[in-house]
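Hi everyone, thanks for coming.

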Protein chains: 2
Amino acid sequence: MNFQIHTDHSKCGDCPIRHRAVCAHCDQDELEALEEIKYYRSFEAGQTIIWSGDQMSFVGSMVSGIASLTQTMEDGRTQMVGLLLPSDFVGRPGRDFAPYDVVATTDIVMCCFRKKPFEELMAHTPHIAQRLLQMTLDELDAAREWMLVLGRKTAREKIASLLSIIARRDASLTKGGMSGPMVFDLPLTREAMADYLGLTLETVSRQMSALKRDGVILLEGKRHVTIPDMGRLMEEAGDDTDGGFLV
Amino acid sequence: MNFQIHTDHSKCGDCPIRHRAVCAHCDQDELEALEEIKYYRSFEAGQTIIWSGDQMSFVGSMVSGIASLTQTMEDGRTQMVGLLLPSDFVGRPGRDFAPYDVVATTDIVMCCFRKKPFEELMAHTPHIAQRLLQMTLDELDAAREWMLVLGRKTAREKIASLLSIIARRDASLTKGGMSGPMVFDLPLTREAMADYLGLTLETVSRQMSALKRDGVILLEGKRHVTIPDMGRLMEEAGDDTDGGFLV
DNA sequence: CGGATGCCTTGACCGAGATCAAGTGGATGA
DNA sequence: TCATCCACTTGATCTCGGTCAAGGCATCCG
């Protein structure tokens, strides 16, 4: 097996995603109960964590790295339907089979719980269920936002939308904040971007070049992006430019 | 005001959506608590029930009729991001402002709860919170399914996908079942279908004509649809044809 | 060093679906 | 009975993004 199992090498108190994950609202008792059943697991970039249709034996939280949820048609067309960032929840309590492939985009670490014990714990731990409901509602909002991107935006707007989402999520995880130029590394290949946006990788490449040519973004190498003017990027994305940053 | 407020003219026990709505798992006590705070409200076809950005004062369940969730860009491009059918939940506990327009597609009746009392009730009524979590997870699945349709399917496949979804949901609400030809009335205009599918109404019209010409569907008038062979339609939709009907 | 390999870019061309425009048919109402 | 309106259909043309193809540029490995 090419993954490692760690026994819990870190206390929940020190956990970098402690305040944003499914355990965010837990009190000390609840945290201890979770600590009982949790274990860490690492996956390498490119590895499939869960196969669509497989039995799901665990759920968990993303601790570090990036993973994607993808759907594939018989003829090979694929669509990414979710991007999993640190603190996001993976898996679905109350359902036995995975509806999507979950693939590690970068090396990742997950904090896992066996599904059965987690479900039992959830039944008597309203703080977990409540938090999970909030997170699911947020994901639903994000999915619907994405439906507008997929259904109605042009290729250029799609790219700008993706860049602005990544930039904002990145800013919310690091100290940087949103003032001044934003700098980050794209965690996705051109192909993954295409799968997210319902485009081909050629179109992604062309539009990236166009945004660069027009000064909307700066590119160093293929992945290192600087956004000199976030407002400009948001205009290109076709979004309301008047703030309202909800992450 | 062009809507009517009814005092609760029907007991929850008689409610047609009793077993599928947010109250599905409630026991007698919980049902009585809900009955205390519920009220019915009707809206006419075309009416906007909730405006994006407005304060949400109530949540509720669809009792009859169809409504849609839509997002609109400044230049008028619109994308439908959800289709609300009987038993679906409307509104978002824990959030103050509506993220989308909710528009009545047909005449509808809703079973409403003022948001504040509902949230309080939810805090001590795990059956409601649990059920709402399940329903939200289902909606998330549906949204992700739709992302594949929007991102990767052709116009013809999109139309076939929409027809098969409506046909299946219709079958699950009526006695018909899924054997033999399926017959239903389209609850959406061509324009609404276009907004759902990320197409123009002209393309919707052309593809409907094409599916009719090819014998995949029969049309009587503009709205009355017969599907002689559901398997054929699912093939046209690009879906796995091998069953697995999850509603 | 040289050949692979993976990821990306760029060009030429094509076609699905958008756009623009005209027309149909049924319902409504004066 | 006729004008109007609305939802829809159909045709002609255009265009954005897909497809096919070639090439660039790191990195890896023999």
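Some housekeeping. This is a predicted model, where local features need pLDDT of at least 70 and side-chain atom pairs count only at pLDDT 80 or more, while totals for chains, interfaces and linings use all residues. Residues are numbered from 1 along each chain as its sequence is written, and chains are lettered from A and ligands numbered from 1 in the order in which they are written.

So, how do the two chains meet? I'll say "contact" when the C-beta atoms of two residues, placed from the backbone, lie within 7 Å. On that basis 30 residues of chain B are in contact with 30 residues of chain A. Helices here are DSSP runs of H or I with at least four residues, strands are runs of E with at least two, and both are numbered from the N terminus. Strand 6 (78-84) and helix 3 (126-152) of chain B are the elements giving two or more residues to that side, and helix 3 of chain B brings the largest share, 19 residues. By class, this side of chain B has 14 nonpolar, 10 polar and six charged residues. For the classes, Ala, Val, Leu, Ile, Met, Phe, Trp, Tyr, Cys and Pro are nonpolar, Asp, Glu, Lys and Arg are charged, and the others, Gly among them, are polar. And 100% of the interface residues of chain B are also interface residues in chain A, so the copies meet through the same surface.

Now the DNA. A residue is near a strand if its C-beta atom, placed from the backbone, lies within 6 Å of it. Around DNA strand C there are 16 residues, and the closest are Thr189(A), Ser205(A), Ser209(A), Thr154(B) and Thr203(B). Which helix gives the largest share of that surface? Helix 6 of chain A, with six residues. Over at DNA strand D we have 17 residues, with Thr154(A), Thr203(A), Thr189(B), Ser205(B) and Ser209(B) closest. There, helix 6 of chain B gives the largest share, six residues. The surface near DNA strand D has four nonpolar, six polar and seven charged residues.

Next, the inside. "Buried" means 20 or more other C-beta atoms within 10 Å of a residue's own, "exposed" means 12 or fewer, and "partly exposed" is in between, with C-beta atoms placed from the backbone. In helix 4 (residues 155-173) of chain B, the buried residues include Ile159(B), Leu162(B), Leu163(B) and Ile166(B). Helix 3, helix 5 (190-197) and helix 7 (230-236) of chain B are among the elements covering the buried residues of helix 4.

Last stop, Arg223(B), in the loop between strand 11 (218-220) and strand 12 of chain B. Arg223(B) is partly exposed, with 13 other C-beta atoms within 10 Å. Leaving aside neighbours within four places in sequence, Arg223(B) is in contact with Asp185(B) and Leu186(B). Arg223(B) and Phe184(B) are 39 residues apart in sequence, yet 8.4 Å apart in space, C-alpha to C-alpha.

Conventions. The expected span of a helix is 1.5 Å times one less than its number of residues.
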